[in-house]
Amino acid sequence: MPSITTKDGTQIYFKDWGTGQPIVFSHGWPLSGDAFEDQMMALASHGYRCIAHDRRGHGRSSQPWGGNDMDTYAADLAALTAALDLHDAVHVGHSTGGGEAARYVARHGRGTVARLVLIGAVPPIMLKTEANPGGLPMDVFDGIRAGVAADRSQFFKDLSLPFYGANRPGSKVSQALRDSFWLQGMMGGLKNEYDCIKAFSETDFTEDLKSITVPTLVLHGDDDQIVPFEDSGRLSAQLVKGAVLKVYPGAPHGMCSTEKDKVTADILEFVRR
């Protein structure tokens, strides 16, 4: 399988489809690069080189004990882009991957990044603090940790329900899509996925967002039950200078699947500008 090896010996798996301007995808928790296959196939067919990696500890990448934090995730992404010699790249991040992409662009992407797309992304910060009164309380994330530690297989099956909005009246989400969520989640390492909860909930990306100068598109569903829109997508669009915000009415967190054609079309329109 195609992979790179980071400085600490972690193998990062990636898929690399098509040719042309690179579009690099960073996936959400607890998924893998497979979560972006719909967008990758469509955009590669339109003449773009689409690359998606599995974050360390997730999918087909190796499962190190340490390094399960946002700084290391961004450094791993920098190692991947350097190994593939990517320039003029568009970075697309969903959920946790939005935090990873934002930190990468802010700290490592100068001169190599053309655009940034944040989809249902965790920035600026998910945790409720004095500076972020609209965030979620710590007991929400402690509950996630408890669920993952007790029986992550059942937890992932249950989480797929609000993730895709399958608990909403009239939902047409298939059981097969929920099964795919479970399968991707179970491919990762328990320690890695457990540690990642702290990374996606407590990392403050405010200064990263303020420092980003490349054109940025923020996509978010207003019925996101995982990363609530008002304290994430709306605030991120305000912090990134010149960012464009597009809200999907009624869309859930897993909108890259439930609204896949619309998401793909919006990315395509944005990168063609």
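Which residues have the most contacts inside the largest nonpolar core?

## Basis of the model

This is a predicted model, in which local features need pLDDT of at least 70 and side-chain atom pairs count only at pLDDT 80 or more, while totals for chains, interfaces and linings use all residues. Residues are numbered from 1 along each chain as its sequence is written, and side-chain values use heavy atoms, with hydrogens and water left out.

## Nonpolar cores

The residues with the most contacts inside the largest nonpolar core, which has 27 residues, are Leu80, Tyr104, Val105, Leu116 and Ile212. Strand 2 (11-17), helix 2 (70-83), helix 3 (96-108) and strand 6 (113-119) each supply at least two residues of this core. A nonpolar core is here a set of buried Ala, Val, Leu, Ile, Met, Phe, Trp, Tyr and Cys residues joined through side-chain atoms within 4.5 Å; buried means under 20% relative accessible area, exposed over 50%, and partly exposed in between, with a 1.4 Å probe and protein chains only. Helices (H or I, at least four residues) and strands (E, at least two) are DSSP runs, numbered from the N terminus.

Leaving aside neighbours within four places in sequence, Leu116 is in contact (heavy atoms within 4.5 Å) with His91, Ala101, Val105, Ile212, Val214, Pro215, Thr216, Leu217 and Phe270. A second, separate core of 24 residues includes Leu31, Ala35, Met126 and Phe155.

## Helix 4 and its kink

Helix 4 (residues 138-163) spans only 19 Å between its end C-alpha atoms, whereas a straight helix of 26 residues would span 38 Å at 1.5 Å a residue; the expected span is 1.5 Å times one less than the number of residues. The helix has a kink of about 125° centred on Asp151, where the bend at a residue is the angle between axes fitted to the seven residues ending there and the seven starting there. Just after helix 4, Gly165 takes a positive phi of about 70°.

The buried residues of helix 4, among them Phe141, Ile144, Val148, Phe155, Phe156, Leu159 and Phe163, pack against strand 5 (89-94), helix 5 (175-187) and helix 6 (190-202).

## Aromatic pairs and charges over rings

The structure holds nine aromatic pairs, a pair being rings of Phe, Tyr or Trp (its six-membered ring) with centres within 6.5 Å; planes under 30 degrees apart count as stacked, over 60 as edge-to-face and the rest as tilted. One of them joins Phe141 and Phe200 edge-to-face, at 6.4 Å centre to centre with 70° between the planes, and it links helix 4 to helix 6 across 59 residues of the chain. Both Phe141 and Phe200 are buried. The ring centres of Phe163 and Phe181 lie 4.7 Å apart with planes at 55°, so this pair is tilted; because Phe163 lies in helix 4 and Phe181 in helix 5, the pair ties together parts 18 residues apart in sequence. Phe163 has a relative accessible area of 2%, and Phe181 one of 0%.

Two charged side chains also meet rings: the charged end of Arg115 sits over the ring of Phe270, 5.0 Å from its centre, and Lys157 lies over the face of Trp182, at 4.7 Å from the ring centre. The criterion is NZ of Lys or CZ of Arg within 6 Å of the ring centre and within 35 degrees of the ring normal.

## Gln39

Gln39, in helix 1 (residues 37-45), is buried with a relative accessible area of 0%. Not counting residues up to four places away in sequence, Gln39 touches Phe25, Cys256, Lys260, Val263, Thr264 and Ile267.
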